[in-house]
Amino acid sequence: MPAAPVLDDIKIIIEDIGKGGGNKPPAGGDGGGDDNKRRPPGPPSARRYRTGIALGMVSILMFFMALASAYLVQRTTSSRWAPVHLPAILWVNTIILLASSATMERARKRLAQADISGFRSLWLITTVLGLTFLAGQLVAWRQLVVQGIYVATNQGSSFFYIFTAVHGVHLLGGICALLYVYRRNFESAKISVSLAAEVSSYYWHFMDGLWLFLLALLYLGK
Amino acid sequence: MTPSMVTYDSGGTPPEASATSFLGRTFCNADHKVIGLNYLWLVLFSVFLGMGLSLLMRIQLVWPSVRLPLVSGLAYTPERYAALTLLHGSLMIFMVLTAAPQAGFGNYFLPLQIGARDMAFPKLNLLSLWATAASLLGMTISFFVPAESGLTLWVASVALFCLASLWSALNFCVTAIDLRTAGMTLPRMPLTVWAWFVTAILGSLIFSILLAACVFLLSDRVVGTHFFTVPQVLAGLMPAASLQGIPVLWQRLFWFFAQAEVYVAVLPCLGITSHLLATFARKPAWALRAAVLALCGVGLFGFCIWGYHMFATGMNPYAPLVFAMLAESLGLPAVILLASWLGTLWNGKIQLTTAMLFALGFISLFVSGGLSGLFLARHDLARAAVNDEFVTGHFHLVMGVAATFAILGALFFWFPKMFGRRLSEPLGKLHFWLTFAGVYCIFMPMHWLGLAAHSRPPAAYPVAAAVEPVRDFITGAIVVTIAAQVIFLFNFVRSVWWGAKVNEKNPWRATTLEWSIASPTLFDNFGPAEPVVYRGAYEFGTTAFAEDFLPQHLTPEEVPARIAEQGR
């Protein structure tokens, strides 16, 4: 397992020597010889947002993997484990979240066709769907509380509340990004509207996939 | 370079024009140089506070009857001593060893060395600085409030520090990947930049883990969940049988972070040391490519060996073997780096400046501390032969003190660029020798004490009587070493305001881009034109003309011109 990344590094360096060595002053903006192959071309100011969101997603994934591994360990070893029966509304919420990803992609397609008003209305629908999902999660909490299942009731319920809460916080960040794209006047911004929409769509789909993963974990783990 | 390529990443208007008050200029300035310096001020505060705490702990150990202000003033209990240790550790690890080489010097010099105008996301950078400062404040305050709420505050502060480190690591990665100037290919990057980059990757992975652990811990303390049930068991609320496996979860999450955290602190120091050695030995860094791979290797292995802290806890019987092998294999990149350092020094025209002395001191401490690490990585030996004092000696030598030496070396090296003045060399050398001798006198006997605790001497042999003078010796060495730090503080404060002015751009005759601009640095780094890089970072020892180095920004056309100029 440790060998692969090292080999990767060697490959990067070797490729780089082949391309960037010598005294040739490379053309402006392009840092390393390996950059072009891996990332979409563009000036560095645009590339940094894509790189940033990719690396940010890796960190967030690591965070959720730590939570998930704790869940798996506790499920098998804890004596205080009791399964949580997932409220049915979670399935509705999941469909809403998936639908928001679909409308977001349609919005970006409109933007690519320079249909700004179509983009804005679809983008707003996406935001509203996201907020609906969060409201739905609160309803799910409410239903559990009515059944007398609180965060500290047993370890299963603790994990349920923690998972939904931290995912909700991350999704709230995504909603802020969507609102930023919706409200910002991009005339004066360093970032273009299509790039901002692209970067926030990566994050949004990632949150979508993360929720499916957490839901599968909670469903199969009960 | 066309004028259209000139972009001011921090928003077009110079912050100096927008923020005129001192507070605005200092604390709300997203310029990477100001942020880097602010980190260093935080570090300076934390390191002296942390050192004071270690002195208090020692006094408490040696003369338990003495009533000390901080320990006894509030409540004289064992918990106060534990809190003292906790504060010392968290200040030194988080605020000094993690923040100084990476966030401090990295923020200041990473953009300069790769020819960028700022970090990729300046506002995020400023946010990280504020979060770090708030976290330092929280950790310090947590010591002075009652233990229960204090601990909660401490955990929250650590979580905040994790967030700050994650944002900062993201910034470093993106800057190193996307903001390199024309010609700054990966093989031409200075080793410092490589080290900051690998550290940032490692940091962006492991601080997430600690953040997750903090989330669990906070929810245990605030909402009353039972992820780690130890407090409830101790309070008799739960049967001890349910304890099985639960603290192990905490240990796993914690050590997954903490073992790699060692490399987050040490990696930038390795890069700084390589950089200083090449500059002051006036030779290209020997086996540069292997050294780069070794830096990556340290990051990779460092990420994989967390399990060896849990030999005593018990795990799958095959796991200790795997982790022991991984931990031992960390020796490979370490030896490659060592070979690279020695190869650089070999036949070099060594200039023993204070910065160079500290770099050499780092190598010495890194090697002697690292060797005792081999014993700890053997799971059979570690369990049978050593106790806490061996670990304390090993850990402080290889991590704490070695890293501090690299940080001091970096400070002496870059001080002219940051402040436009020099630190006093005679005072610096005095400080170096006192500290160097002092730390060996403190931590080497600790190894011996750790071994002695497990030895089985003949029944009549009085171990305690032999150990007592050693402890007194350590105490004396601690007092002398800490007193020597006053020399440094005096030198630093005096030089910031009244030190000898540096009028040249490149006082050390170094090759990297930060030395191509004025000292102290200009607000907009490189002026209107983007720098262009034409060669590797360590082209020392050229014999073509009187100057023995080729800076990275020197064009191929300029080289013959220079030779002609020198020949005249």
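Chain B has 19 helices and zero strands, and the model it belongs to is a predicted one.

Colleague: What makes up chain A, and which pattern does chain A follow along the sequence?

Modeller: Chain A contains seven helices and zero strands, and reading along its sequence gives the pattern α-α-α-α-α-α-α.

Colleague: How many of the residues in each chain count as buried?

Modeller: In chain A, 30% of the 222 residues count as buried, while in chain B the figure is 50% of 568 residues. A residue is given that label if 20 or more other C-beta atoms lie within 10 Å of its own.

Colleague: What share of the contacts joins residues at least 24 apart in chain B?

Modeller: Among contacts in chain B between residues at least 6 apart in sequence, the share is 80%. For chain A, residues 24 or more positions apart account for 71% of the contacts with a separation of 6 or more.

Colleague: How do you know that the span of helix H6 of chain B agrees with what it should be?

Modeller: Helix H6 of chain B covers residues 122-142, and at 1.5 Å a residue its 21 residues should span 30 Å. The expected span is 1.5 Å times one less than the number of residues, and the end C-alpha atoms of H6(B) are 30 Å apart, so the two values agree.

Colleague: Which residues of H6(B) are buried, and what do they pack against?

Modeller: The buried residues of H6(B) include Pro122(B), Leu126(B), Leu129(B), Thr132(B), Leu136(B) and Met139(B). The buried residues of this helix pack against helix H3 (32-62), helix H5 (78-114) and helix H7 (147-178) of chain B.

Colleague: Why is Ala176(B) called buried?

Modeller: Ala176(B), which lies in helix H7 of chain B, has 30 other C-beta atoms within 10 Å. The cut-off is 20 or more, so Ala176(B) is buried. Leaving aside neighbours within four places in sequence, Ala176(B) is in contact with Leu110(B), Ile114(B), Val193(B), Trp196(B) and Phe197(B). The C-alpha atoms of Ala176(B) and Trp194(B), 18 residues apart along the chain, are separated by 8.5 Å.

Colleague: What makes Ala114(A) exposed rather than buried?

Modeller: Ala114(A) has 9 other C-beta atoms within 10 Å, and a residue is exposed if that number is 12 or fewer, so Ala114(A) is exposed. Ala114(A) lies in the loop between helix H4 (89-112) and helix H5 (116-146) of chain A, and it has a positive phi of about 65 degrees although it is not a glycine.

Colleague: Where does Pro520(B) lie, and what kind of peptide bond joins Ser519(B) and Pro520(B)?

Modeller: Pro520(B) lies in the loop between helix H18 (463-498) and helix H19 (558-567) of chain B. The bond joining Ser519(B) and Pro520(B) is a cis peptide bond, with omega about -5 degrees.

Colleague: Which domains is chain B divided into, and how many residues of each are in contact with the other?

Modeller: Chain B is divided into domain 1 (352-419 + 423-499) and domain 2 (509-568). Four residues of domain 1 of chain B are in contact with four residues of domain 2 of chain B. On the domain 1 side, the residues that touch domain 2 comprise three nonpolar, no polar and one charged.

Definitions and conventions:
Residues numbered from 1 in each chain as written. Chains lettered and ligands numbered in written order. Predicted model: local features only at pLDDT ≥ 70, side-chain atom pairs only at ≥ 80, totals over all residues. Helix = DSSP H or I, 4+ residues; strand = E, 2+ residues; numbered from the N terminus. Contact = placed C-beta atoms within 7 Å. Domains from an automatic or database assignment. Nonpolar A, V, L, I, M, F, W, Y, C, P; charged D, E, K, R; others polar.
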